[in-house]
Amino acid sequence: MSSAPSPPSSAPRRGPRPLPLHLLLAGWRAQLALAMLPPRSSRSSCDAWQSWSGAWPVSARTRREALRLLRDLDASGSSADELRAAVARRLLDLDSGLIGGLAAYRRHEPRPERPEHPVLWREGASRLLDHAPPGQDQAAGPTLLFVPSLVNRAWVLDLMPGHSILAWLAEQGARPLLLDWGYPGATERGMDLTGFIAGRLERALAALPGPVVLVGYCMGGLLALAAALRRPDRVRALALLATPWDFHAGEQAGRATSLAALLPVLEPMLATTGTLPVEVIQALFAQLDPFGVARKFRAFARLKPGSARAAHFVALEDWLNDGVPLPAPVARECLGGWYGQNTPARLQWRVAGEAVDPARWQGPAFVAIPHRDRIVPPDSARALAEALPGAVRHEAAAGHIGMVAGRTAETALWRPLLDWVRGPG
């Protein structure tokens, strides 16, 4: 097996990752749009739009904009050549905006050094970090242990001042702890989900003086659920934020099985490196919204440099591009089991040989479901709320990341979560 990869340097900025893919998608979209335009003919350009709009994927917003443009051109009696020229100018504007946004992001001042927090426990690459302020009475407020995903850095939960759920909870008198999985080394690359749950997570729970509110975010919610079922003596309440459960819910079955079908193609890479590399993970996420990266960087180019919104955008992008590879055994289990066979919803996902069944949880439970979630479709998370007996269901008016680190996160999630935590007693 090859040697363990080194954690990437924080400078210079390399995002958005993988950059060649996003540039290729932007160029492909422009070429496809021009290719689908009507040739010189007498038919109405609005009628021709039926052909153009079939160029996948085109957003509803883009369709509305294009129809408005076409109607204006028809009303003025414009020719097909004039239509092509207008569309080409629009595409050039879009490309210029994308390049301008990328350049502005890379020029942005370096992110400040992240503050150090006391380490309560450590094993391999993983650390248990205490985000309570120094001198806080540990018995004064509830203790919450946050479990993030294995495919992203944990610091999204402590993104920046004003956008940190951990700092906000600490200000409210709670004691927030964070399990930082770290960058996988040789040991972690050989671990499966049972190793991370029945091993690392359970030992982190055992290192604490008493039971905690266990809070899982995204993939971390599945890990937290499994750990809570195994060690209910260490978990007094369970909160699951944007956590998938039914991977084939609604219209997601096709996408999920398509991801699983990639596993044989990825197997040589998994076997050689022991991981699913960051660039591959990011490329898989890009399938959810192929042109989303280009769209958001064009919007960033229009923001005032040095503004609070620009700083927030940069912080989020720095986090997104500071990814970690996924250990190969975990990648196989997630792609083949979760996505391919929908093992969680079918109660066939097993940890240390035991099925993970939410119906066995007997403590308080809170399930947060973001309305605008592209990563975890709301129906997938709602299936988990229905499977947990007596769970409090919180419908959050936010997206997957915005719920924990967005501009409206305090209203969308932070305060409702704390109100619930103070409720179980």
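This note goes through the predicted model point by point, from the overall make-up to single residues.

1. Basis of the model. The model is predicted: local features need pLDDT of at least 70, side-chain atom pairs count only at pLDDT 80 or more, and totals for chains, interfaces and linings use all residues. Residues are numbered from 1 along each chain as its sequence is written, and side-chain values use heavy atoms, with hydrogens and water left out.

2. Overall make-up. The protein chain has 17 helices and twelve strands. Helices (H or I, at least four residues) and strands (E, at least two) are DSSP runs, numbered from the N terminus. Of the 425 residues in the protein chain, 52% are buried. Buried means under 20% relative accessible area, exposed over 50%, and partly exposed in between (1.4 Å probe, protein chains only). Among contacts in the protein chain between residues at least 6 apart in sequence, 78% join residues at least 24 apart; contact means heavy atoms within 4.5 Å.

3. The annotated segment. An unreviewed UniProt entry carries the annotation "transmembrane region" for residues 208–229. UniProt positions are given in the numbering used here, feature names are shortened, and annotations may be inferred rather than shown by experiment. In the model, residues 208–229 are 50% helix and 27% strand, and the end C-alpha atoms of this stretch are 17 Å apart.

4. Strands β5 and β6. Strand β5 covers residues 212–217 and pairs with β6 in the parallel sense over six bridges. Two strands pair if DSSP finds at least two bridges between them. Opposite Y217 stands L241 in β6. Strand β6 (residues 235–241) is mostly covered, with six of its seven residues buried.

5. The largest nonpolar core. A nonpolar core is a set of buried Ala, Val, Leu, Ile, Met, Phe, Trp, Tyr and Cys residues joined through side-chain atoms within 4.5 Å. The largest one has 101 residues, and those touching the most other members are F146, L193, L214, Y217, M219, M403 and L413. Helix α8 (residues 219–230) gives the most to this core, with nine residues. A second, separate core has twelve residues, including A26, A310, F313 and V314.

6. M219 and V330. Neighbours within four places in sequence aside, the contacts of M219 include L193, V330, C334 and W338. V330 is placed in helix α14 and counts as buried at 0% relative accessibility. The C-alpha atoms of V330 and L150 are separated by 9.1 Å, while the two residues are 180 residues apart along the chain.

7. Aromatic pairs. The structure holds nine aromatic pairs. Rings of Phe, Tyr and Trp (its six-membered ring) pair if their centres lie within 6.5 Å; planes under 30 degrees apart count as stacked, over 60 as edge-to-face and the rest as tilted. F300 and F313 are stacked, at 4.3 Å centre to centre and 10° between the planes. F300 lies in helix α12 (residues 292–301) and F313 in helix α13 (residues 308–320), so this pair ties together parts that are 13 residues apart in sequence. F300 is buried at 5% relative accessibility, and F313 is buried with a relative accessible area of 13%. One aromatic cluster is formed by Y105, F297, F300 and F313.

8. The tryptophan pair. W338 and W349 form an edge-to-face pair, because their ring centres are 5.3 Å apart and their planes are at 85°. W338 lies in helix α14 (residues 328–341) and W349 in the loop between α14 and β9 (350–351), so the pair ties together parts eleven residues apart in sequence. W338 is buried, with a relative accessible area of 3%; W349 is buried, also with 3%.

9. Cysteines. The structure holds zero disulfides, a disulfide being a pair of cysteine sulfur atoms within 2.5 Å. C218 is buried at a relative accessible area of 13%, and C334 is buried at 7%.

10. P142. This residue sits in the loop between β2 (126–130) and β3 (143–147). P142 counts as buried at 18% relative accessibility. Leaving aside neighbours within four places in sequence, P142 is in contact with A174, R175, R236 and V421. P142 and V213 are 71 residues apart in sequence, and 7.5 Å apart in space, C-alpha to C-alpha.
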